[in-house]
Amino acid sequence: MKTSAVQSASMLIRSYPIISLQIDKKRLEIILAQLESVIDQAIAGDIAEFGCHAGATALFIRRLLNSKASTKQFYAYDSFEGLPAKTIEDASVSGSDFKAGELKVSKHDLLLNFKKAGLRPPIVHKAWFNELKTKQLPETIAFAFLDSDFYRSILDSLEIVWPRLSEGGVIIVDDYMRSHLPGATRAVDDFFANSPIRTRHQNNLAIIRK
Ligand SMILES: C[S@@+](CC[C@H](N)C(=O)[O-])C[C@H]1O[C@@H](n2cnc3c(N)ncnc32)[C@H](O)[C@@H]1O
């Protein structure tokens, strides 16, 4: 990755507030630097976030696309019902943390945050990932950020994104190796278990380049 990618991502992060606790500066910097490298390398396809919540990361994705004058479409997905129920793969020492319905925000909240920031909103679909229809999904994806906390949710989004990801495209999965959300690590490891693809991780992000 070029140094300039890191610099311009950090400049954006220094210039604007992070509107929720769902992401921090360090991870945001990594996400944006990877996105910028995908754009600089002219990797074909659109941008997607699975688990967009109120838009803390999505606002910066849009700012970066604007700063690069990118014409890529930006899609954002969420149940807007909060988290689903955990499955056995999500069981952790923190036990009852992260209950079904937690992290609920509305699609209106997300759109309002884009309006307040004076930014064009992404194409937003309110749905559980496993209920999304083909016509609601980009045909080709260059970059995807998967941030949905639980095993089944992350697996569902990987199953959607991977076949659509261009060669050279990047997937970043949040919460990798985070002990209180073990489903995230299990989903990534299970999905790529029989594949030659190597995932690397940094600051609790799994970074996967096709
Ligand atoms: C940690 S938040 C995402 C934070 C967001 N990426 C940000 O940077 O602000 C997780 C989101 O994933 C959504 N989610 C979890 N599982 C989902 C599923 N199976 N289908 C749709 N949305 C899901 C939740 O509603 C929640 O808004």
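Predicted model: local features only at pLDDT ≥ 70, side-chain atom pairs only at ≥ 80, totals over all residues.

Student: Which residues come nearest to the ligand?
Tutor: Gln22, Gly51, Ala56, Thr57 and Ser153 come nearest, out of 22 residues around the ligand. A residue is near a molecule if its C-beta atom, placed from the backbone, lies within 6 Å of it.

Student: Which elements give two or more residues to that shell?
Tutor: Helix H3 (56-67) and helix H5 (151-161). Helices (H or I, at least four residues) and strands (E, at least two) are DSSP runs, numbered from the N terminus.

Student: And what classes of residue are in the shell?
Tutor: Nine are nonpolar, nine polar and four charged. Ala, Val, Leu, Ile, Met, Phe, Trp, Tyr, Cys and Pro count as nonpolar; Asp, Glu, Lys and Arg count as charged; the others, Gly among them, count as polar.

Student: OK, the whole chain. How many helices and strands are there?
Tutor: Six helices and seven strands. Along the sequence they run α-α-β-α-β-α-β-β-α-β-α-β-β. The radius of gyration is 16 Å, close to the 17 Å from the globule rule for 210 residues, so the protein chain is as compact as a globular protein of that length. That radius is taken over C-alpha atoms, and the rule is 2.2 Å times the number of residues to the power 0.38.

Student: How much of the chain is buried?
Tutor: 40% of the 210 residues. Buried means 20 or more other C-beta atoms within 10 Å of a residue's own, exposed means 12 or fewer, and partly exposed is in between; C-beta atoms are placed from the backbone.

Student: What about strand S4: enclosed or open?
Tutor: Six of the six residues of S4 (141-146) are buried, so the strand is largely enclosed by the rest of the structure.

Student: Which strands does S4 pair with?
Tutor: S4 pairs with S1 in the parallel sense over five bridges. S4 also pairs with S5, again parallel and over five bridges. Pairing needs at least two bridges found by DSSP between the strands. Isoleucine 141 of S4 stands opposite aspartate 46, and isoleucine 141 also stands opposite leucine 165 in S5.

Student: Now the core. How many residues has the largest nonpolar one?
Tutor: It has 53, and Ala144, Ile154, Ile171 and Val173 have the most contacts inside it. Such a core is a set of buried Ala, Val, Leu, Ile, Met, Phe, Trp, Tyr and Cys residues joined through C-beta atoms within 7 Å.

Student: What does isoleucine 154 touch?
Tutor: Beyond its neighbours within four places in sequence, isoleucine 154 contacts residues including Leu146, Val173, Gly183 and Ala187. Contact means C-beta atoms, placed from the backbone, within 7 Å.

Student: Which residues of helix H6 are buried?
Tutor: In H6 (182-191), they are Gly183, Ala184, Thr185, Ala187, Val188 and Phe191. Their cover includes H5, strand S5 (165-174) and strand S7 (205-209).

Terms used. Residues numbered from 1 in each chain as written. Contact = placed C-beta atoms within 7 Å.
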